[in-house]
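Please read the following note beside the model.

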Amino acid sequence: MIRYGQQDITQADIDAVVEVLHSVNLTQGPAITRFEESVLAYCGAKHAFAVNSATSALHIACLALGLGEGDWLWTTPNTFVASANCALYCGAKVDFVDIDPRTYNLCPQELEKKLIKAEKEGRLPKVVVPVHLCGQPCDMRAIKSLSDRYGFRIIEDASHAIGGRYRDEPVGNCRYSDITIFSFHPVKIITTAEGGMAVTNDDQLATQLGLLRSHGITRDPELMTKPMDGPWYYQQVALGYNYRMTDIQAALGVSQMTRLSEYVARRHEIAASYNNLLSDLPITLPWQHPDSYSGLHLYVIRLQLDKIKTTHLDVFNYMRSKDIIVNLHYIPIHTQPYYEKMGFKAGDFPEAEKYYQEAISIPMYPTMTDAQQNEVVDVLRAALQQ
Ligand SMILES: *Cc1c(COP(=O)(O)O)cnc(C)c1O
């Protein structure tokens, strides 16, 4: 069986985890800081907060930016539901911006059109969440310049993109955003089983993220609103959550980080090889913007349905029947029943819907062998000839 994504756990990872299990701190210990520092060193941001999932990171990022009732958050429909749900957790409303037909990322031209209209109607978004789909960075310069003009804040959902680069700088340096979030779910580029992180360069946002991650509680006298009673003392100064990552997970993260560049480089090798092996087939290969060095979390092909006799569903079923566990990223969020109840409907975001009719994520992970890759290619070739 060849899955679309697969984690890589080495003996060094296992040793790192076991070491924490033998130590005093299973949580709230030194491995958290080590993991945060290793991600900061890699991506070049100033502050990092490890949390128990990217979904939690998105939630506290929205809260830190003051998103609440009456506010709007805009994102792409072509993402995992968490990129939009975070707004609903805060009592805010969600809207979507259609995708670019080449990168499949949130389209800056569509964003601008929608902003012009929203300004007239007095419903500009407070937060926009660009998602670096498959690891390919969005057009962040264009999105940032719109944010300067229209006053919205930016959370980069880089769940797919750790290890990627935009205009020769690492994803996560927050040059074009307020906060960047990462996911460490096992299918992502590096893993902590469950886990996520929020990074920022802004000191005030950092204070908020730190509080929100752990109950809104502080032991820092500077953040307290009245004098300390004694050495046992802490103060709750905000309503936060328990979104903490454990040291067991963080130790795994530190160990995985040492292989991040290697992983992404291997993903690029696999992609180059797919580009070569699949070039004669009636499919559209993933286009890479010259400004981007993708993290290549996913390798998405699009079927050219007018050139083949078979259907999208049949290609899927055929490949899965041959134990090639392909997948589809993503079902347009606005067509989910929960979102349809808010008034969204099929036809609202045609590029994302067209993509959904054609897209298939074929296996892509760093430990995939050449033989496995050839098998994927052979099965896909056969599937298209049905
Ligand atoms: C995986 C993913 C998330 C959620 O990540 P978790 O760590 O599982 O909460 C959010 N956004 C995108 C784009 C993702 O791929």
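1. Basis. This is a predicted model, in which local features need pLDDT of at least 70 and side-chain atom pairs count only at pLDDT 80 or more, while totals for chains, interfaces and linings use all residues. Residues are numbered from 1 along each chain as its sequence is written, and side-chain values use heavy atoms, leaving out hydrogens and water.

2. The sheet. Seven strands form an open sheet with mixed pairing, in the order S2-S10-S9-S6-S5-S3-S4. Strands (E, at least two residues) and helices (H or I, at least four) are DSSP runs numbered from the N terminus; two strands pair if DSSP finds at least two bridges between them. Strand S2 (47–51) and strand S4 (93–96) are the edges, each pairing on one side only.

3. Strand S3. S3 is joined to S4 by 4 bridges, running parallel, and pairs with S5 in the parallel sense over 3 bridges. Thr75 stands opposite Phe96 in S4 and opposite Val129 in S5. Both faces of S3 are covered: Trp72 and Trp74 on one side, Leu73 and Thr75 on the other, are all buried (under 20% relative accessible area, 1.4 Å probe, protein chains only).

4. Strands S5 and S6. S5 (residues 127–129) and S6 (residues 153–157) run parallel and are joined by 2 bridges. Val128 stands opposite Ile154 in S6.

5. Packed helices. Helix H3 (residues 54–64) packs on the sheet, touching strands including S3 and S9; contact means heavy atoms within 4.5 Å. Helix H7 (residues 203–213) also packs on the sheet, touching S2, S6, S9 and S10.

Terms used:
Axes fitted to C-alpha atoms, helices over the stretch in contact; angles between N-to-C directions. Buried < 20%, exposed > 50% of the residue type's maximum accessible area, 1.4 Å probe, protein only.
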